[in-house]
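Dear colleague,

Please find below the structure that I am handing over to you.

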Amino acid sequence: MANSMHYGDYLQLDKILQAQTMESDKQNKSAHDEMLFIIIHQAYELWFKQLLHEADSIMAIMKKPAVNDNSPELQTVVHRLARMTSILKLLVHQIDIMETMTPMDFLDFRDMLRPASGFQSWQFKLLEAKLGLKYAHRHGQEYYISQLRQPQIDAIQLAEKEVSLVELLNQWLERMPFFDEKENWKNYKTVTSPEKNKHPFWVDYRNIYIQSLADPEKNNQQFYDEVFETETSSEGRQLSPKANRAALFIMLYRGYPMLQLPFQILNYLLEIDEQLSTWRYRHMSMVHRMIGTRIGTGGSSGRDYLRGALEKHSIFSEIARLTSFLIERRRLPQLSPEMERRLGFVSPPTP
Ligand code: HEM
């Protein structure tokens with residue numbers, strides 16, 4: 001078979017396996033661990049590519065004017081978010097391998113790398129931007145694109161201008177129809193006093209929540225109102241009150257069939273944030289172990305810069321903070337029978 005597919009050709013292994021050129025070899029200074037250093041970074045970049053591929057496909061589905069919740073689309077989103085989470089866990093574990101290199105092994109070739117640095121991983125910055133990290137919220141803004149090449153800067157800035165995954169999440173949550181459909185609440189039994197122009201469910205929820213607060217937590221009431229009721233946008237806010245209410249509702253009533261996939265979406269987004277933060281933390285600790293308090297090859301303050309990014313670059317923190325507003329299951333308002341049906345499996349039409 002003259003034209004049969006070959007493993008090595010298909011994977012272009014001739015290119016990939018020729019792509020580990022050691023600077024130490026070129027300079028005739030032996031540095032055994034440079035091979036590991038190159039391969040680890042290349043493996044990271046390949047996985048970043050896969051993460052971008054998954055993120056793009058998820059965003060393409062969520063960009064549709066209305067995601068069909070009753071179709072495989074939402075399942076696909078969940079499945080791919082789950083895959084992203086697994087990849088990120090692997091990326092965290094890869095640090096274990098990197099750490100088998102000792103600081104002295106690193107010193108054998110570290111100076112040959114200057115001024116190259118992880119700063120120049122444009123795929124990493126592109127991923128952050130696509131997920132929803134805006135320039136205004138970046139730590140170390142002076143560095144963030146200063147060492148990149150123009151086409152890479154253009155790609156990141158374009159991603160910042162385009163709608164991000166957090167913004168798509170906001171739009172999707174805002175479209176959750178249950179509270180706009182009056183017929184879902186016809187037989188809802190209010191458990192506290194109704195308030196004019198407010199949905200009875202949310203009036204109840206707010207009251208029950210406030211009653212549940214211990215004295216030292218009383219200022220959470222103001223925080224609750226800011227998150228779920230105040231329309232004015234505050235600095236750094238990515239989710240509107242309506243979207244926050246939808247997300248909280250999904251968390252509270254996730255046991256109903258209609259809310260199971262939406263709950264998994266929220267949960268995986270939190271997991272992605274957590275894994276990214278874990279990676280940042282492990283990378284920062286590794287950097288400290290490797291170079292102490294010396295500056296990075298990219299010229300930043302090294303560990304201190306990385307700590308700032310760790311603290312500031314969380315993307316889905318607004319979902320994470322919703323746990324402050326949960327109440328015990330047994331105190332949840334009982335949904336109306338119509339709403340219970342709406343959130344259940346669709347029953348077959350009666351003949
Ligand atoms: C010996 C191992 C490593 C050391 C000592 C190290 C050191 C550093 C330092 C000091 C910085 C801050 C920028 C600078 O001044 O250069 C940095 C940034 C970065 N490094 Fe590493 N690094 C190591 C391994 C890795 C690996 C394996 C990856 C995987 C891709 C990586 C990815 C990054 C990224 C993406 C940044 C930018 C982070 C941000 O701006 O938030 N590094 N690294």
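Helices here are DSSP runs of H or I with at least four residues, numbered from the N terminus. His283 is found in one of these, helix 14. Please bear in mind that this is a predicted model.

The iron atom of the ligand has His283 as its only protein donor, through NE2 at 2.2 Å. The side chain of His283 also has an N or O atom 2.9 Å from a nitrogen atom of the ligand. Helix 14, where His283 is located, gives the most to the shell around the ligand, namely six residues.

As to the site as a whole, the ligand takes up the space of the largest pocket. Two or more residues of the shell come from each of helix 4 (34-62), helix 8 (122-131), helix 14 (257-291) and helix 15 (303-312). Sorted by class, the shell comprises 16 nonpolar, ten polar and two charged residues.

There are 28 residues around the ligand, and those that come nearest are Ser117, His283, Gly298, Ser300 and Tyr305. Two of these names deserve a further remark. For Ser117, a polar side-chain atom lies 2.7 Å from an oxygen atom of the ligand. For Gly298, the backbone provides the polar atom, which is 2.8 Å from an oxygen atom of the ligand.

With kind regards

Methods:
Residues are numbered from 1 along each chain as its sequence is written. This is a predicted model: local features need pLDDT of at least 70, side-chain atom pairs count only at pLDDT 80 or more; totals for chains, interfaces and linings use all residues. Side-chain values use heavy atoms; hydrogens and water are left out. A residue is near a molecule or strand if one of its heavy atoms lies within 4 Å of it. A polar contact is a pair of N or O atoms within 3.5 Å; within protein, one must be able to donate a hydrogen and the other to accept it, and residues adjacent in sequence count only if both atoms are side-chain atoms. On a 1 Å grid over the protein atoms alone, a cavity is a set of points where a 1.4 Å probe fits but cannot get out, and a pocket is an open set with protein on both sides within 12 Å along at least five of seven lines; lining residues have an atom within 4 Å of a point. A molecule sits in a cavity or pocket if more than half of its atoms lie within 2 Å of its grid points. Ala, Val, Leu, Ile, Met, Phe, Trp, Tyr, Cys and Pro count as nonpolar, Asp, Glu, Lys and Arg as charged, and the others, Gly among them, as polar. Donors are N, O and S atoms within 2.8 Å of the metal (3.2 Å for Na, K and Ca); water is not among the atoms, so sites may look incomplete.
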